[in-house]
Amino acid sequence: MSIEARLNELGITLPQAAAPVASYQPVVVHGGFAHVSGQLPFIDGELATGRLGEDVDLDGGMAAARACGLMILAQLKSAGLLEKVERVVKLGAFVSSTADFTDQPKVANGASDLMFDVFGEKGRHSRAAVGVPVLPLGAAVEVDAVIAVSELRVAASLAG
């Protein structure tokens, strides 16, 4: 089953891939890996802002992390790589949180669970989940990714 078909089966519509907010590329492919820059959480077109432990609850944080995961998928699709995913290798989740908030791993599950739902066993990955005092634009969560992609299929798609 194609990833597009799987997304349809799950009732998931990907957002429009976000343009970079600074001087970087959203996706860089090198050595068979797609490195996806940190993605911010847009829910219904609005940036999910705030801090966990202050004005965002655990469910809101998990929803924000899932939204970051959706944006990772949107960036892969925009780069022509969504159907070339061989494995989700690693996610890095950054959670804007207070000093006493310690559920960053639970927040990151919002993105991790999405990857498993979409890719099955290929979506199981290693991960880091860290708390930070502030994120760009006041975002509640930011998630980046390393994705193994088929080099032969990537080369063929880049060749036209």
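**Exercise 1. Find the residues that Met1 contacts, leaving aside its neighbours within four places in sequence.**

Step 1: Contact means heavy atoms within 4.5 Å. By that rule, and with those neighbours set aside, Met1 touches Arg6 and Glu9.

Step 2: Locate Met1: it sits in the segment before helix 1 (3–10). Helices (H or I, at least four residues) and strands (E, at least two) are DSSP runs, numbered from the N terminus.

Step 3: Met1 counts as exposed because its relative accessibility is 70%, where exposed means over 50%, buried under 20% and partly exposed in between (1.4 Å probe, protein chains only).

A word on the source: this is a predicted model, in which local features need pLDDT of at least 70, side-chain atom pairs count only at pLDDT 80 or more, and totals for chains, interfaces and linings use all residues. Residues are numbered from 1 along each chain as its sequence is written, and side-chain values use heavy atoms, with hydrogens and water left out.

**Exercise 2. Describe helix 3 (residues 104–119) and its surroundings.**

Step 1: Among the buried residues of helix 3 are Val107, Ala111, Leu114 and Val118.

Step 2: The buried residues of this helix pack against helix 1, helix 2 (58–78), strand 5 (85–96), strand 6 (126–132) and strand 7 (141–149).

Step 3: Just past the end of helix 3, Gly120 has a positive phi of about 65°.

**Exercise 3. Work out the strand order of the open sheet.**

Step 1: Its 5 strands run in the order 1-2-7-5-6, with mixed pairing; two strands pair if DSSP finds at least two bridges between them.

Step 2: Strand 1 (27–30) and strand 6 are the edges, each pairing on one side only.

Definitions and conventions: Expected span 1.5 Å × (residues − 1).
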